[in-house]
Amino acid sequence: MNAIEFNHVNKSFGSFAIEDLNLTVPTGTICGLVGENGAGKSTSIKLLLNALRPDSGTIQVLGMDTCDPAYVAVKNDIGVVLDDAWLPETITAKQVGSIMADTYINWDSALYESYLTRFSLPRDKKFKDFSRGMRMKLSIAVALSHDPKLLVLDEATAGLDPIVRDEVVELFNEFTREETHSILISSHILSDLEKLCDYIAFIHEGRLLFCEEKDRLLEEYAIFVGTTEQADSLLPEAIVHREGNGLGGVRAMVRRSQVPATLTLEKPTMEDIILNLVKGAKRS
């Protein structure tokens with residue numbers, strides 16, 4: 001059973017639309033959802049959580065169709081962190097724990113308390129006085145404290161300082177060491193996705209351009225830095241995107257298999273790959 005399956009999903013909002021979205025996240029893996037602002041990442045997550053209904057196509061989560069009335073019960077097995085936590089301004093972290101104990105069947109109060117301690121979150125401070133980083137940490141503590149099988153994370157590391165981000169990334173890695181656990185995460189912090197993900201799914205203007213294993217992407221693409229003459233000698237299909245390097249030469253992302261072995265190539269980061277794919281998609 002796959003953790004998530006989008007099958008030919010369409011959703012239109014007038015000038016913007018999710019078009020023929022087919023995306024599979026195997027159980028036990030972490031999939032990073034990337035794309036520009038407005039590309040369709042948050043819309044896809046809302047469809048997944050049944051906050052929006054597709055115009056056509058089907059979505060299955062943990063083996064259940066999201067349009068099935070029984071999907072409500074499946075939500076007990078889904079931990080969710082959205083790009084901001086919306087709670088009553090006067091509520092405290094201690095009160096959040098009490099509310100969630102009455103909300104989730106498998107709520108673990110002791111585990112929740114341990115996350116509050118681990119994240120240095122005050123129990124009695126009002127939510128309106130929390131920083132963005134504190135709000136994200138509280139959301140993560142809630143998401144992890146009811147024995148979920150799937151985490152759905154929308155910008156879950158945004159607003160966190162680098163030390164806490166690394167700790168949170170490690171928490172997510174620990175979560176998927178259990179073979180029945182899976183994660184779908186969208187993030188603008190591509191270095192986090194490079195550390196964390198097994199798969200990268202790239203959405204551009206409402207269309208899924210690819211979903212590939214991260215390691216395969218890192219092997220497929222490379223960075224070329226050289227002269228204009230060298231770049232001009234390459235096959236057009238070998239170049240994903242090229243631009244001047246500020247030194248009178250060229251810097252380009254290329255498909256490694258289509259570049260002669262005589263040229264020196266550099267290993268790309270995931271940020272190199274995604275940024276160049278976005279620029280290449282805009283050019284075409």
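A: This is a predicted model. Start with a pairing: β11 and strand β14 (residues 265-266) are joined by two bridges and run antiparallel.

Q: What makes β11 and β14 count as paired?
A: Pairing needs at least two bridges between two strands. β11 and β14 have two bridges, so they qualify.

Q: What makes β11 a mostly covered strand?
A: Strand β11 covers residues 221-226, and five of its six residues are buried. Buried means under 20% relative accessible area.

Q: Why is leucine 62 called buried?
A: Its relative accessibility is 18%. The cut-off is under 20%, so leucine 62 counts as buried. Leucine 62 lies in the loop between β4 (56-61) and β5 (64-65).

Q: Why is aspartate 147 called partly exposed?
A: Aspartate 147 has a relative accessible area of 47%. Buried is under 20% and exposed is over 50%; 47% falls in between, so the label is partly exposed. Aspartate 147 sits in the loop between α5 (132-144) and β7 (150-154). Its phi is positive too, about 55°, and aspartate 147 is not a glycine.

Q: How do you know that threonine 66 is buried?
A: Its relative accessibility is 1%. That is under 20%, so threonine 66 is buried. Threonine 66 is found in the loop between β5 and α2 (71-74).

Q: Which residues are in contact with threonine 66, leaving aside its neighbours within four places in sequence?
A: They are Leu47, Leu48, Asn50, Ile59, Val61 and Tyr71. Contact here means heavy atoms within 4.5 Å.

Q: How many helices and strands does the whole protein have?
A: The protein has ten helices and 14 strands.

Q: Why is the protein called as compact as a globular protein of its length?
A: The radius of gyration is 21 Å. The globule rule gives 19 Å for 284 residues. The two values are close, so the protein is as compact as a globular protein of that length. Along its principal axes the C-alpha trace spans about 65 × 40 × 35 Å.

Q: What share of the residues is buried, and what share of the contacts joins residues 24 or more positions apart?
A: Buried residues make up 48% of the 284. Among contacts with a separation of 6 or more, 65% join residues 24 or more positions apart.

Q: How many charged side chains are there?
A: There are 29 positive and 42 negative side chains. The centres of the two sets lie 5 Å apart.

Key
Residues numbered from 1 in each chain as written. Predicted model: local features only at pLDDT ≥ 70, side-chain atom pairs only at ≥ 80, totals over all residues. Heavy atoms only, no water. Helix = DSSP H or I, 4+ residues; strand = E, 2+ residues; numbered from the N terminus. Rg over C-alpha atoms; globule rule 2.2 N^0.38 Å. Buried < 20%, exposed > 50% of the residue type's maximum accessible area, 1.4 Å probe, protein only. Lys, Arg positive; Asp, Glu negative; His and termini not counted. Charge placed at Lys NZ, Arg CZ, Asp CG, Glu CD.
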